[in-house]
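Visitor: Please walk me through this model, beginning with the aromatic rings, and tell me what to be careful about.

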Amino acid sequence: MSAPETPGGPSGTGKAARFRALHRRPSPDDPLVLAGPWDAAAARVCADAGFPALATPSAGVAASLGYADGETPPEEMFAAVARIARAVDVPVSADVEDGYGLAPKELVERLLEAGAVGCNLEDSAGGVLKDPRAHADWLAEVCAAAGDDLFVNARVDTFVRGVTDPDRAIERAALYVAAGAGCVYPIGAPVDVLPLLRSGIQGPVNVFARPDGGPTPSELGERGATRVTFGPGLQRLAAALAEIAADLAPRGTGS
């Protein structure tokens, strides 16, 4: 493995600049596809497979650490991200949920210390959507503290919180882009709504894909995705270990 690059620096050099550049796609049917490793071993597998960058899923990391989704202590989440970032040479973006109540400057410092060059930040907490303008103000502080060293992917949770009107997602996305987010993520958006979202949102759009079925990344790109991630999908596929373990486990209790 080559010597690791610096995450960013004053002008956003190194991995941070490379990660930002990956979001400028050559054609609509060629979105940026990011695998979602939950630990260092999975990260190496994904990097060796040829993914140009990785995006940790908070739910997948939580499961690997023995927590329910949303219940990982922040210090354990940042430690897990650091192990993943150390294990690979490609850029790593980290899903850090809604920021754990940290002040923007501290949140950015913790992410950069962990070796991340990007982050996902949700606009809901405890299953409830945040006020979009207040959240946009907070995002603006995060982006100001991050400079060019951290690429912010602002998650829009309207669809997963039962708000099905695409205009509400577009309104929130506009606020978050104006706040400095480099990408927006209308998680849970129906596939047939993606063209409408694409036409109404400035800048890159992250779309969730299922690794075990559904539209391919290329098909999602044609519908409007700039970037495709799988959330905890890969980690949940790895749950096939349960079947393997059941087959290998000794029968009976022995004597």
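**Rings, strands and a loop**

Guide: Phe19 is buried, with a relative accessible area of 0% (buried is under 20%, partly exposed in between, exposed over 50%, with a 1.4 Å probe and protein chains only). This is a predicted model, in which local features need pLDDT of at least 70 and side-chain atom pairs count only at pLDDT 80 or more, while totals for chains, interfaces and linings use all residues. Residues are numbered from 1 along each chain as its sequence is written, and side-chain values use heavy atoms, without hydrogens or water.

Visitor: And how many aromatic pairs are there?

Guide: Rings of Phe, Tyr and Trp (its six-membered ring) pair if their centres lie within 6.5 Å, and planes under 30 degrees apart are stacked, over 60 edge-to-face and the rest tilted; by this rule there are 2 aromatic pairs. For Phe19 and Phe151 the ring centres are 5.6 Å apart and the planes stand at 85 degrees, so this pair is edge-to-face.

Visitor: Which parts does that pair tie together?

Guide: Phe19 belongs to helix H1 (residues 14–22) and Phe151 to strand E7 (residues 151–156), so the pair links parts that are 132 residues apart in sequence. Helices (H or I, at least four residues) and strands (E, at least two) are DSSP runs, numbered from the N terminus. Phe151 is buried as well, at a relative accessible area of 4%.

Visitor: What about Phe78 and Tyr100?

Guide: Their rings also form an edge-to-face pair, with 6.0 Å from centre to centre and 70 degrees between the planes. Phe78 is in helix H4 (residues 74–87), whereas Tyr100 is in the loop between strand E3 (92–95) and helix H5 (104–114), so parts 22 residues apart in sequence are tied together. Phe78 counts as buried, at 5% relative accessibility.

Visitor: Next topic: which strands does E4 pair with?

Guide: Two strands pair if DSSP finds at least two bridges between them. E3 and E4 are parallel partners over 3 bridges, with Asp95 opposite Asn120 of E4, and E4 runs parallel to E7 with 4 bridges, where Gly118 stands opposite Phe151. From strand E4 (residues 118–121), Gly118 and Asn120 point one way and Cys119 and Leu121 the other way, and all are buried.

Visitor: Where is Arg155, and what does it contact?

Guide: Arg155 sits in strand E7 and is buried, with a relative accessible area of 12%. Leaving aside neighbours within four places in sequence, its contacts (heavy atoms within 4.5 Å) include Leu121, Glu122, Asp123 and Tyr185.

Visitor: Last one: what average pLDDT does the protein have?

Guide: The average pLDDT (the predictor's confidence in each residue, from 0 to 100) is 91, and 91% of the residues score at least 70. Over residues 1–12, however, the pLDDT is below 50, and this stretch has 30 contacts in the model beyond near neighbours in sequence. Where pLDDT is low, the predicted coordinates should not be read in detail.
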